[in-house]
Amino acid sequence: MLARTRPFNPAFDRRVDRAFDELTSSFVASTRRTPVVDATWRDGSLVLTVDLPGTPGDAIAVAVAGRTLTLSVTTPAQTWERSVRLGATLDADAVSASYLDGRLTVTVAAVATAEPRSIEISTRQAAPVVIDSDTAETPETA
């Protein structure tokens with residue numbers, strides 16, 4: 001014979017079920033979290049960091065096409081991609097990346113600025129126009 005030690009209380013049972021659902025859903029949500037790209041400026045360069053704990057390095061790709069930088073991760077458990085448009089002050093040809101201890105760091109150098117320089121101004125004088133007064137033709141009759 002089965003005996004219940006506490007009386008049946010539907011309100012209490014719903015609260016326990018709700019608490020259990022919240023606990024398990026927050027756990028599942030935290031394991032499927034979308035990576036966050038953090039961007040900062042350091043020494044004139046744009047530095048992007050992404051925490052990817054447990055992701056093997058060969059599953060990560062960094063690519064530049066035109067002025068677009070793309071970061072991507074492809075594993076059996078996760079596929080993620082983020083693209084960033086590089087502004088005119090960033091050099092799309094000067095991108096470096098490193099992956100250490102679960103953190104991807106991508107550095108985009110700023111475009112080298114031209115140094116100010118002086119421009120010499122030419123001061124040539126135009127050749128003088130000579131008009132011969134002995135000719136019968138004048139500018140008004142020509």
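Q: In which order do the strands of the open sheet of 3 strands run?
A: Keep in mind that this is a predicted model. Strand β3 (residues 60-65) is joined to β4 by 6 bridges, and the two run antiparallel. On to the next pair: β4 and strand β5 (residues 79-85) are antiparallel too, over 7 bridges. Put together, the order of this open sheet is β3-β4-β5.

Q: Which strands stand at the edges of that sheet?
A: The sheet has the order β3-β4-β5, with antiparallel pairing. An edge strand here has a single partner strand, so one of its sides is left without a neighbour in the sheet. That describes β3 and β5.

Q: By how many degrees are neighbouring strands of this sheet turned against each other on average?
A: We're still with the open sheet ordered β3-β4-β5. Ignoring direction, its neighbouring strands are turned against each other by an average of 15°.

Q: Which residue in the turn between β3 and β4 has a positive phi?
A: These two strands form a hairpin, with 2 residues between them. As for the pairing, Ile60 sits opposite Val73 in β4. In the turn, a positive phi of about 65° belongs to Gly66.

Q: How many residues join β4 to β5 in their hairpin?
A: Follow the pairing along these strands: Thr70 is opposite Ser83 in β5, and Thr74 is opposite Thr79 in β5. The hairpin then links β4 to β5 through 4 residues.

Q: Which residues have the most contacts inside the largest nonpolar core?
A: As background, nonpolar side chains in soluble globular proteins tend to be buried together. This core has 15 residues, and the elements giving two or more residues to it are β2 (45-51), β4, β6 (90-100) and β7 (103-110). Leaving aside residues up to four places away in sequence, Leu71 touches several others, among them Val37, Val50, Trp80 and Val106. The residues with the most contacts inside the core are Leu69, Leu71 and Leu104.

Q: Does Thr55 count as buried or exposed?
A: Look for Thr55 in the loop between β2 and β3. Beyond four places away in sequence, Thr55 touches Ile60, Val73, Thr75, Gln78 and Tyr99. The relative accessibility of Thr55 is 10%, so this residue counts as buried.

Key:
Residues are numbered from 1 along each chain as its sequence is written. This is a predicted model: local features need pLDDT of at least 70, side-chain atom pairs count only at pLDDT 80 or more; totals for chains, interfaces and linings use all residues. Side-chain values use heavy atoms; hydrogens and water are left out. Two strands pair if DSSP finds at least two bridges between them. Axes are lines fitted to C-alpha atoms, for helices over the stretch in contact, and angles run from 0 to 180 degrees between N-to-C directions. A nonpolar core is a set of buried Ala, Val, Leu, Ile, Met, Phe, Trp, Tyr and Cys residues joined through side-chain atoms within 4.5 Å. Buried means under 20% relative accessible area, exposed over 50%, partly exposed in between (1.4 Å probe, protein chains only). Contact means heavy atoms within 4.5 Å.
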